[in-house]
Amino acid sequence: MLAFIQTGGFFMWPLMACSILTLAIILERFWTLRKAGVAPNGLLNEVMTRLRDDRMTIDYIRSMQSKAGLSSIFAAGLLNSKHGRNAMKESVREAASHVIHELERFMNTLGTIAAISPLLGLLGTVVGMIKVFSVLMESGAGNTALLAGGISEALLTTAAGLGVAIPALIFHRFFSRRIDVLVVTMEQQSTKLVDSLHSDRDKPGVTK
């Protein structure tokens, strides 16, 4: 591996760093964006059961508040449920914005790596070809060893750049889609909670 990097020249090092960072982000996002951790299936039923049985305590709400994802959104809504539907919706919306921000963490970094890796590879290719032409100008076509070295550097950086960019782009799209699905799920669950506590929706001809 070290010989491979050395053959590729200077630009292999930043590409190697990008590949390590990409792998770290992918592993972290797989763990963070688990549905069980963000929007557990039975959470709404558990909350509704506690509300129905009058077992909703402030300690339980605080424990939900300390968790990530939908639990923290529910906690924010429950803490403000006594102030009316609009106040509860606003608190849910504010908590959801923080949750979404956490879900999107490192996504810009992953997208940036997917964009710049081919450019770094292309830059290494250009540098390698410059070396090839420099050898041709100084020694002619007879120095095949130096020519091969420049061509190898050019090809290796191109391959490395694409090798980093392709998985980064694939997982960026994959995680973006997963985030969209989780956001929709949390929105639906939060709406159900608000509607269950404040079923008196605004309707034409109805006064409060």
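Helices (H or I, at least four residues) and strands (E, at least two) are DSSP runs, numbered from the N terminus. By that scheme, Ser 176 is placed in helix H9. The structure is a predicted model, in which local features need pLDDT of at least 70 and side-chain atom pairs count only at pLDDT 80 or more, while totals for chains, interfaces and linings use all residues. Residues are numbered from 1 along each chain as its sequence is written, and side-chain values use heavy atoms, with hydrogens and water left out.

**Ser 176**
- Ser 176 has 25% relative accessibility and therefore counts as partly exposed, a class between buried (under 20% relative accessible area) and exposed (over 50%), with a 1.4 Å probe and protein chains only.
- The C-alpha atom of Ser 176 is separated by 8.0 Å from that of Glu 104, although the two residues are 72 residues apart along the chain.

- Leaving aside residues up to four places away in sequence, Met 186 touches residues including Val 38, Ile 73 and Leu 103, where contact means heavy atoms within 4.5 Å.

**Helices H6 and H7**
- Ser 72, Ile 73, Ala 76, Gly 77 and Leu 78 in H6 meet residues of H7, among them Met 88, Val 92 and Val 99.
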